[in-house]
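Have the sequence and the 3D view open as you read.

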Amino acid sequence: MPDISSTDLALPLHPTFSSRPVRILHVVGGMNRAGVEMWLMNILRRIDRTQFQMDFLVHSDQHYAFTDEIKSLGSQIIPCPELSRPWLYAGDFKRITQQYGPYDIIHSHSHYFGGFVMWLAKQAGIPIRIVHGHLDSSSYESNLSFSRHLYRSLMKWLISRHANHQIACSEQSALDLFGLSWHQGGMILPYGIDLTPFEQTIDASQLRAELNIPDDVFVIGHVGRFDIQKNHTFLLDIVAEIVKKDPNIRLLAVGDGALRSDIEQKIDRLNLRDYVILTGVRSDTGQLMQNIMDVFLFPSLYEGLSLVTLDAQAAGLPCVFSDVVSEKADVINSLMYRMSLTQSVSAWAEAVLSLRYKKLEVSKLDSLNAMKRSRFNIDNNVQELSDLYTSLIT
């Protein structure tokens, strides 16, 4: 347990009256440009940092896309990389909480592994222990090994015993991670997104030229890390089928990840080199969605409450995506087209192509204004999270 001086113990924790900010340790896999990480960065940029001090415990010692900005905002990014060796992870965790603490709140975003984090945090004496569910992986996990089921059961038990607050981005995510008990004091906190990029005017023709996309080409967009969850294999099968029906298309795939080489090999096998553009990680995803993409294709295997479908709606972009994405993410219903992953590649291809000449029922400006008024505006989100932290420490 970390040393806490009598001075620290005497300090009231309420941020309005304390002489120090409330200290929060977020536990997250990494801090690159991905959904949860982007959300956390938007929170960090906007939260009152005189009242709340946010640090990030990450599971690799690499230099992340957001490392420099995190430090510039007065926060720390702290590696705890021994994820596959829990006895070493436990030792590192104890050292970190002693060296960088004391922390008033720990906020885990590491899905089932959050159970182990909560157990360690209780041993370290962190009083407020939050587990945050960002996924509903239950249908995908049901087909995995017995050892995986055992791991899930143990982690969920640890969460139930050692977390004293539960948050989830959707009800499905809450049920997956917490079970029916989440109703007992848990909180649904949908993601908020930064709407500023969708208000900016750019030269779309210049951006198309940069990406080597002719003006008359129908652009199918996808944003997501190259990971099994995002189902790029099926995505490429759909694109190959679309090319057979209409070769005047491009797939613009934004993101990167461990499976990139596998994806590139499949692109070659399907002879899609002339039709697929892999941009890597970019900071202008909002502008790409609003000015380049004509439809958003997202056949994920599992999701919680998908940030990128919120971005797509802010851009006024019609979306064809798997029915695992929660309907709680729907703001502009006329843009949302759900399909089952059991439907054929041909059916998915037809659904995408049917949108090529379809007149949208809502303008881009109206879509953006609807998102501003919704709970998914990051400014509303920051207020909800600030209020929660304040309520937990009083």
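Helices here are DSSP runs of H or I with at least four residues, strands are runs of E with at least two, and both are numbered from the N terminus. This is a predicted model, where local features need pLDDT of at least 70, side-chain atom pairs count only at pLDDT 80 or more, and totals for chains, interfaces and linings use all residues. Residues are numbered from 1 along each chain as its sequence is written, and side-chain values use heavy atoms, with hydrogens and water left out.

Let's start with helix α7, residues 146-162. The expected span of a helix is 1.5 Å times one less than its number of residues. For the 17 residues of α7 that gives 24 Å, and the end C-alpha atoms are 24 Å apart, so the two agree. "Buried" means under 20% relative accessible area, "exposed" over 50%, and "partly exposed" in between (1.4 Å probe, protein chains only). In α7 the buried residues are R152, M155, L158, I159 and H162. Looking down the axis of α7, these fall within an arc of 130°, so they line one face of the helix; the arc is that of the directions from the helix axis to the C-beta atoms. An α-helix has 3.6 residues a turn, so residues three or four places apart point the same way. On the face of α7 turned away from the buried side sit the exposed residues F146 and L150.

What does α7 pack with at an angle of about 35°? That's helix α5 (residues 114-123), and the two axes are 7 Å apart. Axes are lines fitted to C-alpha atoms, for helices over the stretch in contact, with angles from 0 to 180 degrees between N-to-C directions. The contact (heavy atoms within 4.5 Å) brings together G114, G115, F116, M118, W119 and K122 from α5 with M155, L158, I159, R161 and H162 from α7.

Helix α11 (residues 260-269) has I263, K266 and I267 buried. They span an arc of only 105° around the axis, which puts them on the same side of α11. The buried residues of α11 pack against α10 and β10 (276-280).

Most residues other than glycine have a negative phi, and most peptide bonds are trans.

| Residue | Phi | Relative accessible area |
|---|---|---|
| H111 | near 55° | 13% |
| N231 | near 60° | 13% |

H111 is in the loop between β4 and α5, while N231 is in the one between β8 (218-223) and α10 (232-245). H111 counts as buried, and N231 does too. There's also a cis peptide bond from G101 to P102, with omega near 5°; P102 lies in the loop between α4 (86-100) and β4 (105-108).

Setting aside neighbours within four places in sequence, N377 is in contact with G192, I193, L195, M371 and K372.

L83, in the loop between β3 (77-79) and α4, is partly exposed at 37% relative accessibility. Not counting residues up to four places away in sequence, L83 touches H59, Y89 and F113.
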